[in-house]
Amino acid sequence: MSRISGSARLAGVVGDPIAHSLSPALMRFWIEALDLNALYAPFAVPAAGFDSFVEGIAESHIAGLNVTLPHKEAALALSDTASKAAREIGAANLLTFADGKIHADNTDAAGFLAALKPAKIKYRQSTALVLGAGGASRALVYALLTSGISRLILSNRSKSRAERLVDEIAPMAAVVDWDQKDNVLAEADLVINATSLGLKGVDPLQLDWKRAKPGSVAFDSVYTPLETEFLKGARQRGLTGVDGLDMLIGQARPSFRAFFGREAPILPPVRPALVAQLGDEA
Ligand code: NAP
């Protein structure tokens, strides 16, 4: 158990619902590994109360908050200053408080790139197929663009949402109808599920993996369960599969640094503790 005194550094995560968030376990693991005088707490706050909650807490000595569904856009809207990533993605998952000001950042894009690092993707020579056009997709598309991705294909059930995303942040991307996505699978070096398909209790994302390019990489933003039908299909085809848990860990590292002024330790690894927490779902 880490030590807590009156001068402890405080931070938390705000969302609705929040009970199933892995962030408290993740942050606590690192706090204990470094034996910090620090505390990270979950806050369940409905949309109607979000602004007043954050504005109140920003006046206190709390260092900052992670922000999850459904508050990421509202978090950006109420901030005084925002990073380029948060502004371009149009959402914030990290708020920090200093000198009476609220600063917004988005670390989802960095988390995604950290998760893909072991796959050693040559972005400047690669085509990415991104499935989905919601909040997660915007962060992943931003990450791919900042990494110099050569070609980007976007497909979403509601085509107009994909077209809006392209207009706003990715003018070089092509939009493909949802029922045509298998026809472009062979062109993709990186295939990304940024939809909520595959989440526990939701239908799986079905693709015709026989048509995938050999040697390509499949990334699933979903991590409950860890082994989705999407990743199973990709691995059966011999592709490299990367799950969403490493993105969750990757987005938490810059938050930890911002809250507690220390790098989150690499060792001991936090992933096995989170996999254990996911339990049977993993
Ligand atoms: P969102 O903004 O609600 O977007 C949901 C996306 O899923 C949209 O593209 C939506 O398409 C699509 N979708 C939903 N049901 C569908 C269906 N039946 N058929 C086809 N497409 C469907 O959600 P989000 O915030 O982007 O989250 C997307 C996923 O990313 C979630 O699973 C979330 O858990 C995950 N995520 C993971 C991390 C991480 O750290 N690993 C971080 C953030 C999010 P329409 O536009 O047509 O509705």
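## A tour of the predicted model

Pro225 sits in the loop between strand E11 (217-220) and helix H8 (229-236). This is a predicted model, so the stops below describe computed geometry.

Next, go to Pro17, in the loop between strand E1 (9-15) and helix H1 (23-33). The bond from Asp16 to Pro17 is cis too, with omega near 5°. Most peptide bonds are trans.

**Two aspartates**

Select Asp35, in the loop between H1 and strand E2 (38-44). Asp35 is not a glycine, yet its phi is positive, about 50°. Is Asp35 buried, partly exposed or exposed? Asp35 counts as partly exposed, because its relative accessibility is 38%.

Move on to Asp99, in the loop between strand E5 (94-98) and strand E6 (101-105). Here phi is about 55°, again positive in a residue that is not a glycine. Asp99 has a relative accessibility of 79%, so it counts as exposed.

**The sheet**

Now show the strands E9, E8, E7, E10, E11 and E12. In that order the six form an open sheet with parallel pairing. Its edges are strand E9 (174-175) and strand E12 (240-242), each of which pairs on one side only. Within the sheet, select E7 (residues 127-131) and E10 (residues 190-193), which pair in the parallel sense over four bridges. Leu131 stands opposite Asn193 in E10.

**Asn156**

Asn156 is buried, because its relative accessible area is 9%, below the 20% cut-off. What lies 3.1 Å from a polar atom of the side chain of Asn156? It is the backbone nitrogen of Ala133. The backbone oxygen of Ser158 lies 3.0 Å from a polar atom of the Asn156 side chain. Leaving aside residues up to four places away in sequence, Asn156 touches Gly132, Ala133, Arg161, Ala162, Val176 and Trp178.

**The second largest pocket**

For the last stop, select Ala114, Ala115, Pro118, Asp246, Ile249, Gly250, Arg253, Ile266, Pro269, Val270 and Arg271, which line the second largest pocket. Helix H5 (108-116) and helix H9 (245-260) are the elements giving two or more residues to this lining. The largest share, four residues, comes from H9. By type, the lining residues of this pocket divide into seven nonpolar, one polar and three charged. The volume of the second largest pocket is about 290 Å³.

Definitions and conventions. Residues numbered from 1 in each chain as written. Predicted model: local features only at pLDDT ≥ 70, side-chain atom pairs only at ≥ 80, totals over all residues. Heavy atoms only, no water. Buried < 20%, exposed > 50% of the residue type's maximum accessible area, 1.4 Å probe, protein only. Polar contact = N/O pair within 3.5 Å; in protein donor to acceptor, adjacent residues only side chain to side chain. Contact = heavy atoms within 4.5 Å. Pairing = 2+ DSSP bridges. 1 Å grid on protein atoms, 1.4 Å probe; cavity = no way out; pocket = protein on both sides within 12 Å on 5 of 7 lines; lining within 4 Å. Points joined across faces, edges and corners; volume = space filled by probe spheres on them. Nonpolar A, V, L, I, M, F, W, Y, C, P; charged D, E, K, R; others polar.
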